[in-house]
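Hi,

Here is the structure I promised to pass on.

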Amino acid sequence: MGDKQDEKPGQAHAGISRRDLLRSGVAGAVGLAAGAGALAGSRLGNDAPTLSGAGSAHDPGLAGAKGDVDPEGFDATAFLKNFDYGSVSTLPSGQIQREYEITAVDREIEVAPGVYFAAWTYNGTVPGPTIRCTEGDRLKVNFTNAGSHPHTIHFHGIHAAEMDGVFEIVEPGQSFVYEFDAAPMGFHLYHCHAIPLKRHVHKGLYGAFIIDPREGRPEANEMLMLMNGFDTNFDGDNEVYAVNTVAFHYQKHPIEIEQGELVRVYLGNMTEFDVLNSFHLHGNFFRLYRTGTDLERYEFTDTVMLCQGERAVLEFTYDYPGKYMFHAHQSEFAELGWSGIFDVKPPTLV
Ligand SMILES: [Cu+2]
């Protein structure tokens, strides 16, 4: 934060700052598309598309705005609804047990077309798998560190100190079993807690952890969105922002929802370096259930800001068909990748 506050307009970082990228890439009304172009140039010293030709208000056809990341590497559309319920068994006591296998691996990920980031991952993706269970389930998480650095998994929630994933550092090649009962119901997170913490978090070791209430929530079209950012040039500042890692993915591939249906977004923030991130919904308001721990009380708003580690359950229904944006209401983040579109379709007639 400090280095950003000290940064004067027009002042260059060692290397290139995201504002330099923004200035060269963003132009007036085509800012969002051009922002993608700016991103493409942020991977310096490789064969990524460059910024040549960027900056014309009449030429939104910038390199990074075209094409896509390789879906074989990470499919952000599929990830939205990819909930991992684990291997289920029933313990002698009658308690449901869910067992998960999580392995830390170093992996280069594509955060925008041609923009790669040397990540540390859980199971090869950033975010890691979305762990989902019901309140009261016994969770058994078999963690193996196949990465190059010491790691842990620190789960948010209520559990014993030795299961907190802070002091029990798991060295490369070692394993650890986290075992605890799922509580409280709500929307939580998990992340590495090895030090330096900000490096281990920012490198990509985090994921969502949903504990459903025993009585369930009303049926809805559910999806997971973790807001994140990537420092692609190691200057302590993010050059790329997104929900679920891939810049502009849901703008290029709008999320289809149905007019009149209940939509539920599990929204969390794991952005490093920036104090806050935010979510703004167009053409609508949502019910905001903070941490998802109360089924009754909510705020009714169209914008929410969350600090790192904070999360909320958002519920809304669109009354009118059409395309509606959602994006960070830090305009800079939106222009560096954190924006998407809901494509509201009229209900299909049966
Ligand atoms: Cu770590």
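In what order do the 5 strands of the open sheet stand? The order is S1-S5-S10-S9-S7, and the pairing is mixed. Strands S1 (83-84) and S7 (154-155) are at the edges with a single partner strand each, so one side of each has no neighbour in the sheet. On terms: strands (E, at least two residues) and helices (H or I, at least four) are DSSP runs numbered from the N terminus, and two strands pair if DSSP finds at least two bridges between them.

Before you read on, please note that this is a predicted model: local features need pLDDT of at least 70, side-chain atom pairs count only at pLDDT 80 or more, and totals for chains, interfaces and linings use all residues. Residues are numbered from 1 along each chain as its sequence is written.

The mean for the protein chain is 86, and 81% of its residues reach 70 or more. Residues 1-15 are below 50, with 9 contacts beyond near neighbours in sequence. Residues 21-64 are also below 50, with 106 such contacts in the model. A contact here is two residues whose C-beta atoms, placed from the backbone, lie within 7 Å. Where pLDDT is low, the predicted coordinates should not be read in detail.

Overall, the protein chain has 7 helices and 21 strands. Of its 350 residues, 45% are buried (20 or more other C-beta atoms within 10 Å of a residue's own; 12 or fewer is exposed, in between is partly exposed, with C-beta atoms placed from the backbone).

Leu189 sits opposite Ala208 in S10.

Strand S6 (residues 138-145) is worth a look too. S6 runs parallel to S3 (residues 96-112), with 8 bridges, and antiparallel to S8 (residues 175-181), with 7 bridges. Asn142 stands opposite Glu101 and has Val177 in S8 as a bridge partner.

Finally, Pro150 lies in the loop between S6 and S7. Pro150 counts as partly exposed because it has 16 C-beta neighbours inside 10 Å. Beyond four places in sequence, its contacts are Ile169, Val170, Glu171, Pro172 and Ala194. The C-alpha atoms of Pro150 and Ala194 are separated by 6.7 Å, although the two are 44 residues apart along the chain.

Cheers

Methods. pLDDT is the predictor's confidence in each residue, from 0 to 100.
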